[in-house]
Amino acid sequence: MKLDPDSSVHLTYCSNIHPGETWAEVRAQLGAHLPKVKAQLAPDRPFGIGLRLSAIAAESLSEPATMEEFKTFLAGEGLYVFTINGFPYGEFHGTPVKQNVYLPDWRDAARLAYSNRLADLLAELLPDDPALDGSVSTVPGAFKPAITAAADITAMAENLVRHAAHLWALRERTGRTVTLELEPEPCCYIETIDEAVEFFRNHLFSADAIAGVAEQTGLAGAAAEAALRRHLGVCLDLCHAAVEFESAEEALAKLRDAGIRIGKMQISAGLRFAPVDDGTVELLRPFNDAVYLHQVVERNGAGLARYVDLPEAFAAADGKQGDREWRVHFHVPIFLDDLGRFSTTQNFIRDMLGRHRDAPFTRHLEVETYTWDVLPPDYRNVDVDSAIVRELQWVLGQLGQ
């Protein structure tokens with residue numbers, strides 16, 4: 001939904017909170033939940049969707065009859081799609097995902113084909129508003145341990161450049177602009193803002209990348225560079241950034257100075273333990289599920305230490321002394337803050353939303369609390385629709401709406 005009738009900023013939540021991998025499952029979830037959420041938040045105006053599609057769901061939605069049925073549903077309910085979560089390619093709920101969530105990564109032609117298809121679908125789903133572009137968020141290159149040679153980095157960059165050329169051609173054909181947003185995440189090839197800036201400068205906005213787009217599109221050098229900068233950007237996930245101990249002010253300044261767009265901001269919170277003490281591991285055990293990776297970043301006297309998942313952090317904590325703080329990649333409802341003996345990274349969200357309120361830096365805002373099904377029961381004491389509404393109302397309050 002637009003923040004107000006004159007605003008160019010759209011706010012929604014990501015439908016990856018609802019389990020479903022096939023299109024039939026996704027469509028059933030959207031029909032069950034979206035009208036209820038809209039009725040409480042935007043009863044008299046259109047409500048936007050942050051759509052999550054697996055590869056198999058995207059393939060099904062590409063069928064003309066399926067697309068027409070979905071468009072009819074959207075129109076009838078006063079809904080529209082403006083952003084897609086193209087991060088998880090395959091199964092995402094109810095089965096161990098862990099580091100496989102990054103596969104296929106951007107070295108793989110399957111990731112390129114999937115992202116091309118999502119862009120094509122989004123161009124067709126976007127409402128008839130020339131001022132509204134579409135965004136697709138994606139994996140930050142690959143899982144960092146999988147990148148072992150310069151050839152891996154080259155392959156990722158070349159596929160991303162190919163995708164940018166596809167997005168340019170899509171814009172030429174349809175008049176709709178769809179952008180791809182790389183989402184920095186702990187323990188991935190791009191995990192920090194500094195790494196994002198380095199990858200964009202040295203690979204995606206480089207002379208080789210510009211020449212590649214020029215060759216694939218026929219654009220001249222300056223126009224090819226403009227196409228890259230228009231179509232490739234970042235998805236700023238606030239849980240990920242807070243877990244990495246980023247500074248809101250510095251992160252925004254670095255992206256701005258590098259000319260990197262923030263195509264989407266995912267509004268999410270992680271866990272914060274300060275200081276880490278003998279009881280921290282026991283407090284965290286209920287969050288140690290078998291489905292998702294829950295990366296831990298520790299700040300100590302020597303700097304930052306990173307653990308790929310909670311069990312590695314538990315093992316490293318055994319007997320360790322000294323002043324330490326842990327931040328954990330486990331998305332919890334953003335309206336939570338003080339959880340008794342620990343807290344969340346909500347203050348980082350408040351900081352970023354305050355900066356956005358004063359000087360908007362992205363047009364797409366998406367609440368993303370996908371871990372609802374694995375959240376310990378003590379923090380899941382309302383139904384999912386009520387939680388979604390409360391999260392979006394909390395964001396609106398922070399934005400002065």
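**Entry 1: the largest cavity**

I began with the lining of the largest cavity, which is made by 19 residues. F87, F92, V101, E185 and Y370 lie nearest its centre. I note that this is a predicted model. Next I looked up the space inside, and the largest cavity holds about 180 Å³. I sorted its lining by class and found nine nonpolar, five polar and five charged residues. How many cavities of 30 Å³ or more does the structure hold? I found three.

**Entry 2: H18**

I moved on to H18. It sits in the loop between β1 (10-13) and α1 (23-41). Is H18 buried or exposed? Its relative accessible area is 6%. The cut-off for buried is under 20%, so H18 counts as buried. I then checked its partners. The side chains of H18 and Y13 are joined by a polar contact of 2.9 Å. Setting aside neighbours within four places in sequence, I listed Y13, Q29, H33, H93 and I388 as residues in contact with H18.

**Entry 3: salt bridges across the chain**

Side chains of opposite charge can pair when their charged atoms come close. I looked up the total for this structure: 21 salt bridges.

One of them joins E21 and R52, with the closest N and O atoms 2.9 Å apart. E21 is in the loop between β1 and α1, while R52 is in strand β2 (residues 47-52). The two are 31 residues apart, and the pair links distant parts of the chain. I checked burial too. E21 is buried at 10% relative accessible area, and R52 is buried at 3%.

My next pair was R27 and E69, whose side chains meet in a salt bridge of 2.9 Å, N to O. R27 lies in helix α1 and E69 in helix α3 (residues 64-77), so this pair ties together parts that are 42 residues apart in sequence. R27 counts as buried at 18% relative accessibility. E69 is partly exposed, with a relative accessible area of 37%.

**Entry 4**

Where do R229 and E225 lie? I found both in helix α8 (residues 221-231). They are four residues apart, about one turn of the helix. R229 is partly exposed at 28% relative accessibility, and E225 is partly exposed with a relative accessible area of 27%.

Last, I noted a network. Salt bridges that share partners join K144, E191, E195, E244 and R306 into one.

Key. Residues are numbered from 1 along each chain as its sequence is written. This is a predicted model: local features need pLDDT of at least 70, side-chain atom pairs count only at pLDDT 80 or more; totals for chains, interfaces and linings use all residues. Side-chain values use heavy atoms; hydrogens and water are left out. On a 1 Å grid over the protein atoms alone, a cavity is a set of points where a 1.4 Å probe fits but cannot get out, and a pocket is an open set with protein on both sides within 12 Å along at least five of seven lines; lining residues have an atom within 4 Å of a point. Grid points are joined across faces, edges and corners, and a volume is the space filled by probe spheres set on the points. Ala, Val, Leu, Ile, Met, Phe, Trp, Tyr, Cys and Pro count as nonpolar, Asp, Glu, Lys and Arg as charged, and the others, Gly among them, as polar. Buried means under 20% relative accessible area, exposed over 50%, partly exposed in between (1.4 Å probe, protein chains only). A polar contact is a pair of N or O atoms within 3.5 Å; within protein, one must be able to donate a hydrogen and the other to accept it, and residues adjacent in sequence count only if both atoms are side-chain atoms. Contact means heavy atoms within 4.5 Å. A salt bridge is a side-chain nitrogen of Lys or Arg within 4 Å of a carboxyl oxygen of Asp or Glu.
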